Amino acid sequence: MPAASLTITRRIFHIVHLRGSVASTYYEKRRAILFDLAIVLGLPLLNIVLSYIVQGHRFNIFEEVGCQPAIVNTALAYVLLLAWPLVIGSISMDLLSVRTSSGARP
């Protein structure tokens, strides 16, 4: 979910600053789409791969709830898995709120 939010706010940021939305070439549009796909598909796939490092076992099965991922509570788990939504959300909010509303040009 944070990766999709980052992609949407990145597009809004480029539209507000009139980059990539008006008079773009075919290759610039294609590069932008491939970059968005890399964010939306690449970050979750990276998360899946990194989850194997900190798994104690595959799943915890709870009655009347179902399967839950079994992530061992270690510092490495926080760095590799649990911090990414916060980091991606912070980047997304930085692009949308701070840079767009202040009128700052990167």
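The crossing of helix 1 and helix 2 is right-handed, a term used when the near helix is turned clockwise from the far one by less than a right angle, left-handed being used if the turn is anticlockwise. The structure is a predicted model, in which local features need pLDDT of at least 70 and side-chain atom pairs count only at pLDDT 80 or more, while totals for chains, interfaces and linings use all residues. Residues are numbered from 1 along each chain as its sequence is written, and side-chain values use heavy atoms, with hydrogens and water left out.

The two helices that cross in this way are helix 1, residues 2-16, and helix 2, residues 26-51, which pack at an angle of about 160 degrees with their axes 8 Å apart. That angle makes helix 1 roughly antiparallel to helix 2, since angles over 145 degrees count as roughly antiparallel, those under 35 as roughly parallel, those from 65 to 115 as roughly perpendicular and the rest as oblique. The axes are lines fitted to C-alpha atoms, for helices over the stretch in contact, and the angles run from 0 to 180 degrees between N-to-C directions.

On the side of helix 1, Ala-3, Ala-4, Leu-6, Thr-7, Arg-10 and Arg-11 meet Ala-32, Ile-33, Phe-35, Asp-36, Ile-39, Val-40 and Leu-43 of helix 2, where contact means heavy atoms within 4.5 Å. By class, the contact of helix 1 with helix 2 has nine nonpolar, one polar and three charged residues. Val-40, which lies in helix 2, shows one part of this contact: leaving aside its neighbours within four places in sequence, Val-40 is in contact with Ala-3, Ala-4 and Thr-7. Val-40 and Thr-7 are 33 residues apart in sequence, and their C-alpha atoms are 7.1 Å apart in space. Val-40 is partly exposed, with a relative accessible area of 32%; buried means under 20% relative accessible area, exposed over 50%, and partly exposed in between, with a 1.4 Å probe and protein chains only.

The largest nonpolar core has six residues, namely Ala-3, Leu-6, Phe-13, Ile-39, Ile-88 and Leu-95, a core being a set of buried Ala, Val, Leu, Ile, Met, Phe, Trp, Tyr and Cys residues joined through side-chain atoms within 4.5 Å. Helix 1 and helix 4 (84-102) are the elements that give two or more residues to this core, and the largest share, three residues, comes from helix 1. Leu-6, leaving aside its neighbours within four places in sequence, is in contact with Ile-39, Ile-88, Ile-91, Ser-92 and Leu-95. Apart from this core lies another, of five residues, among them Leu-50, Val-54, Leu-80 and Leu-81. Leu-81 lies 35 residues from Leu-46 in sequence, and 9.6 Å from it in space, C-alpha to C-alpha. Leu-46 is found in helix 2 and is partly exposed, with a relative accessible area of 41%.

Glu-64 takes the reader to the loop between strand 1 (55-62) and strand 2 (66-71). Phi of Glu-64 is near 65 degrees, a positive value in a residue other than glycine. Most residues other than glycine have a negative phi. Glu-64 is exposed, with a relative accessible area of 80%.

Taken as a whole, the protein has four helices and two strands, which from the N terminus on run α-α-β-β-α-α. Of its 106 residues, 21% count as buried. Residues 24 or more positions apart account for 56% of the contacts in the protein with a separation of 6 or more.

Definitions and conventions. Ala, Val, Leu, Ile, Met, Phe, Trp, Tyr, Cys and Pro count as nonpolar, Asp, Glu, Lys and Arg as charged, and the others, Gly among them, as polar.
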